[in-house]
Amino acid sequence: MIAQIRHTSRGLHVFRVVSISKQEIALYTANASWARFVRLCMGGLDVRELTDKVLRKVLDLGASYGDIRIVKRAHEHIGVKNGKVESLSSETEEGFGIRVIADGSWGFASSLMIDPDEIESVADLAVRIARASATVEHEPVKLAPVEPAEGSFKCPVAIDPFEVPVDEKIQLLMDADGIMRQTEQIKVAESVLNFWHTDQVFASTDGSYIEQSKTESGVGIAAHAASEGETQKRSYPADGGTEAQAGYEFVQAWDVVSHADRIAKEAVQLLTAPQCPPDVRTLILEGSMLALQLHESCGHPIELDRVFGTEAAYAGTSFLTPDKLGNFRYGSDIVNIFADSTLPGGLGTFFFDDEGVPAQRVEIVKDGVFVGYLTSREAAAKLGMRSNGAMRADGWNRIPLIRMTNINLQPGDWTLDEMIEDTKKGLYAAMVGSWSIDDKRLNFQFATEIAYDIEDGSLGQIYKNPTYTGITYEFWGSCDAIGNADEWRLWGVANCGKGQPGQCMHVGHGVAPSRFQNVRIGVISAENE
Amino acid sequence: MLGEDKALEILNKAVGYSDADMTQASIGVGQSSLTRFANSVIHQNVSEYNAQLAVKAVVGKRVGSAMTNKLDEESVRSVARKAAEFARNSPENPEFVTLPVPQPISDVDAYDARTADYSPEDRARDVAGMIAEGTKLGASAAGQLSTGYEEYAVVNSLGVSAYYPSTMATLTAVMAADTGFGYADRYASRISDINPIEAAVEAATRSVRSKDPQPIEPGEYDVVLLPYAVTDLVEALSWLGLGAKSVQEGRSFMCGKMGEKITGENITIWDDGLDPNGIPRPFDAEGVPKQRIDLIVNGVGKAVVYDTFTAKKEGRESTGHATSAVGSPYPLATNIFMRPGDSSVEEMIASTKKGILVTRFHYTNVIHPILTLVTGMTRDGTFLIENGKVTKPVMNMRFTDSYLERLANVEMISRDTMRQGWTVVPAIKARGFRFTGATEF
């Protein structure tokens, strides 16, 4: 499930398909800011001593496993709309969560009060909850083994966004806003900046003690044009903005001001553009749209907890059942998909997941065949595997779930221009409009902000309200051209929803524009089918 | 619990620490616990104690906000000063007029000690009962049962001082009988108003009936929508166009339609945060009292809802529909009621020559806001109706349709309504629902 699509674009952060080595991870190690977090959070207490104590306690209470995460997160948000600062806010939150297995079942409890007494009391509650879970008949939870890990890890940023003066950040948005509103019929111009900083300690009864720290930045602008009975929108760099694990340099590089006039004019053009016709056509998807396609139709169904039914009552299950592993044709021969939590700058990049499993690359689709899942220690054990490190929690008050890391489509050989030139009759669809997919991730329908007719190898007129729909494996099976490494970008999705209570995760998708054959487009109503 | 005195004390301190011209402080604090089950086992079981202290500071016409979940003296001082600092650094917003002034607030009884104190063992016992009912009927159980309390309070420098505690219990059940799925959910302020066994039986029975679904050709069908599906229509209308913000920005279906017919005459929709038949709350995020607002009456667009910012922009008063104490103003009708009719689901089915019975929708999303054009899937129990009878389960279908247009074609409305979160809706029968695709299960 996803609330918005986020991404990066050409010209910036050309994140290649590479992994960083353990040596490179070591280079990122930094302790200075972490020490400050420890003092701030704990009033001078030794965090390691505290986590050791609580982990001993849960074992003494009879738990067979326990872990604790202490998290501090800061978020700054600036929203400008129609020349006015509509929202300017700073939020800090901190707390801890304790997860245990007792009597073979899970329990989790959390609190905002990081003090030794509260931690003891919450540990009691976590074990009590696990015991309550165990009163319902069950197979005892088994965890795949993991090597204990220790260390402090921090991703570097060039410019700390929290140190950039607020008025400078507001001015950037005001400049873009002013340009968008110079175009008549722009009813609403809006622009946003978001910055997050997260510090986390993870410690487990398996002997891990891991400190991680990250900074994320995001920017976006949008122009809404309206006339009687019609409204149309264009965004940059993506619908709702785009984010990366980076500093303010990421915002600067997007240069939103330079794109403000273009998107405003395009939004107005869409007001009078013809409706996207119903047809079955060759479809070329722009990168940010393809990123969401990959997210919904590949990223979610490969979450092994979904496959085992643990999300059945909410987001749903998956068509990629274990009997399909290694033999199901997910896409055409040229489709290769991999997960990689080590890509620099990715929203799904980290050093260790929230079970202490190291970041890694995982093959998902190889030459069109489905070959891999995203896993946790519990889910992997059910298939006799080791976890590939996809357990992530949205803050201190949520349990980790299997979440996408950076899910990527391996680049092909084509440029976007070559793809268009090679298309006789088609549609080039760009930027996410809306999204919907069934609860096993088969039937999807997406809308884009804009689409261009392709006639005899050239882009033609624009269409409003474009949509396309299909069945996941048929769609990827029709993929006959994938953009090359120069066209490949790592996009961010900053609000991927999952779980009850709800969790919102930041994940990444590396893609290049790609082409699909015989796609049903223009589904708006029964009249124009 | 903090209690009223402590909550207001924290907020008064926050307001006092701010040196802005006007300051508003609000707090939401509470414990919530959720027991989740799947494959007839409790697989996730969590509890959290959290808070959010939010301060909005106004200097002239400059507005800034800051939030924290820490309630100690230093954090309260720090968050208040951060909000004031942000306000001073912000450009003027000429449309800002004022924070709300105090108004009398009705008493609302939305707190139940048993629900607040419901234990992990209580929830496990209820879940065990649901799982057992599923097993009896041949279905595997998934779902969640959550209980908890929240204290919410608002204080501002103009004299607003409001507090209320509330409790909430929610239950969902998705049962699977081989290829069949069934759904039920329940919402209440009091756990005693929820019968987990009855909900489990509803979901399990539906799952057994929906075994071996058959493919069906998409197209236009008459539909009988259970309240689980109807709530999607009504809530989408609320956030697409029944708030003042979307009207002021020209993006609402209500633009230019006030006083005009926008649905069938048999559709009346209102918002009432004080009605105990819903989930009542006495005031909104700014401390403005709730009241009944008639939104659509006999098919005619009558009103939209306001917070203080959007109201002052039009020289009127807030209707008590601020959804957030800080951030962009986006007033919403969140306690929506749809007027019941005089029919029943059974009578709707009996009156249908050929149609589809839809239990609920999944992953709906808006394609065009003014046209209220939405796409989504059916889920957890979709059936074919032929000659007045449910004849077989069918595979799920995708729809792409205008919600307003469908509400212009409602033939029957049930006399019974159901609480769906903060929304209360009946079942309906509508003509010509547009299914545009199908899936494989």
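A:D255 is partly exposed, with 16 other C-beta atoms within 10 Å; under the scheme used here, a residue is buried if 20 or more other C-beta atoms lie within 10 Å of its own, exposed if 12 or fewer, and partly exposed in between, the C-beta atoms being placed from the backbone. The model is a predicted one, in which local features need pLDDT of at least 70 and side-chain atom pairs count only at pLDDT 80 or more, whereas totals for chains, interfaces and linings use all residues. Residues are numbered from 1 along each chain as its sequence is written, while chains are lettered from A and ligands numbered from 1 in the order in which they are written.

In chain A, A:D255 sits in the loop between α6 (248-254) and α7 (256-271), where helices (H or I, at least four residues) and strands (E, at least two) are DSSP runs, numbered from the N terminus. The phi angle of A:D255 is near 50°, a positive value in a residue other than glycine.

A positive phi, near 50°, is also found in chain B at B:N39, a residue other than glycine. B:N39 belongs to the loop between β1 (22-38) and β2 (41-59) of chain B, and B:N39 is partly exposed, having 16 other C-beta atoms within 10 Å.

Cis peptide bonds were found in chain A. One runs from A:Y236 to A:P237, with omega near -10°, and A:P237 lies in the loop that is placed between β8 (230-236) and β9 (242-244). Another joins A:Q500 and A:P501, with omega at about 0°; A:P501 is located in the loop between β22 (489-498) and β23 (503-511) of chain A.
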